[in-house]
Amino acid sequence: MFDEIYGDEAFTEAMRAVGGPYFDFGRHQAFRFPEGWIKRTSCDLMVVFATRWTMEHVVRRLTQQVPNIHFVQGHVTGLLADTTGARVTGVKARGEEGEWTLEADLVVDACGRGSRSPKWLEKLGFTPPEESVVRSFLGYATVYGYVPDDAWPGDIKSIAAPPFPGATRGGFVVPQENGLVGIMAAGQSRDYPPGDEEGFTEFLRTAITPVMYDMWRQCEPVTEIETTKTSQNRLRRWHELDRRPQGFIPIGDAVAAFNPVYGQGMTSAVLQAKTLGDRLAENDDLDAVVTGFPEDAVQASQFAWSAATDADLGFPATEVENLAVSDKDPETISYLSDMRRAATFDGGVASAFFRAQATLNGGLLFQPQVMERVRTVLAEAGPDERDHERPPEWSEDAEPIALS
């Protein structure tokens, strides 16, 4: 998606230039469902990995190359408004040279989870948006280091085994630039992984799969173990406000922030950014864009929000604020469970899942050809007597599903 924004595969090429590993996600990613390890086969979904700081550096550098973008450094302290108070006209900021203002026709709040714009708008006389929160009490402990090439099982290049109901200890092993590897322990329902080496080691030893523990034992760490507990899902309901200012748009985590274990926050933000770009390109009426965009942002985030909260609500310890948790369509729940199980047997179903996850388009999973493949696979599968402790070491080719 970054390539769509910057054009000509500029992002992918820049990431590969700084040493980011590049591979077929469906073939080389080992992903653990509650129903077992997803079948690995080529899905023509190429990905590039790197540490967060390297990726942000690449994005910043590419953005600086856009001719009509100018960077100004400072700390925003509030919003400016016109004399009527109905329109945001810029921001107040503080920098090395003191306080200053920046006027604008449109202010976009991309300040992330820590955005203070609801408070700033309240000072201008607007009612802040209500917030829906789902807390699953997940914590991370992460360390970076180097592991021998032969520590990776078979042709696996990335491992994702997030916690699921009944198994609160999971983790990830993720390749980074220039041979660096990130090893992450993830604990759900207040089963937080510790930051000391002994506790971290024991946590991985008792996690869903021993693969992460095996790789950690062979790892040469180059950082300390860092922990975090920022894992709640939060939706700010900007789209439901009866009165909003013109000249102002929230975007990304300032609208919807997700439990990061599901890896959907950046994709959601990029989808929103692309939608905003499309709306601005096709509409000369800026006020119309501002009026309609909160609903656009929610639509772009809907799959990520549903996927993250549905998964987190499966844990008994999860707490909810301002969200009606109603029973979903039993047929949909049953089908999604069948789809996940079928994906552990069939690479075509697995590829459809990865494509839906990568594009945040859940509708792909409900296309007739996917649903038919799920039914066929499960009818032929029989009892599951496989050992799901470790992922299969080698990927296999499978007949793809033509997605529309």
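**Ground rules.** The model is predicted, so I keep to pLDDT of at least 70 for local features and 80 or more for side-chain atom pairs, while totals for chains, interfaces and linings use all residues. Residues are numbered from 1 along each chain as its sequence is written, and side-chain values use heavy atoms, with hydrogens and water left out.

**Helix α9.** At the start of α9, I see a side-chain oxygen of D285 within 3.1 Å of the backbone nitrogen of D287. I count such polar contacts as N or O pairs within 3.5 Å; within protein, one atom must be able to donate a hydrogen and the other to accept it, and residues adjacent in sequence count only if both atoms are side-chain atoms.

**Strand β11.** Next I checked which sides of β11 (158-161) are covered, and both are: S158 and A160 on one face and I159 and A161 on the other are all buried. Buried is under 20% relative accessible area, exposed is over 50%, and partly exposed is in between (1.4 Å probe, protein chains only). I followed the pairing from there (two strands pair if DSSP finds at least two bridges between them). β2 (29-33) runs parallel to β11 over three bridges, with F31 opposite A160. β12 (169-175) is antiparallel to β11, also joined by three bridges, and there A160 has F172 as its bridge partner.

**Sheet β5-β6-β7.** This one is an open, antiparallel sheet of three strands in that order. β5 (75-81) and β7 (98-103) are at the edges with a single partner strand each, so one side of each has no neighbour in the sheet. Six bridges join β5 to β6 (88-95), and I noted L80 opposite G90.

**T209.** I found T209 in the loop between α6 (197-205) and α7 (211-217), and it is buried at 0% relative accessibility. Its side chain reaches the backbone oxygen of E389 at 2.8 Å and the backbone nitrogen of V211 at 3.3 Å. Leaving out residues up to four places away in sequence, T209 touches W37, A161, L204, E389, R390 and P391; contact is heavy atoms within 4.5 Å. A161 is one of the buried residues of β11.

**F126.** Another loop residue, between α5 (117-123) and β9 (131-135), F126 is buried at 3%. Beyond four places in sequence, its contacts include G85, A86 and R243. I also looked up L241, which is 115 residues away in sequence and 9.4 Å away C-alpha to C-alpha.

**Positive phi.** I listed E9, with phi near 55° though not a glycine; it sits between α1 (2-6) and α2 (10-17) and is partly exposed at 47%. N322 also has phi near 55°, lies between β19 (319-321) and α10 (330-345), and is partly exposed at 42%.

Note on methods
Helices (H or I, at least four residues) and strands (E, at least two) are DSSP runs, numbered from the N terminus.
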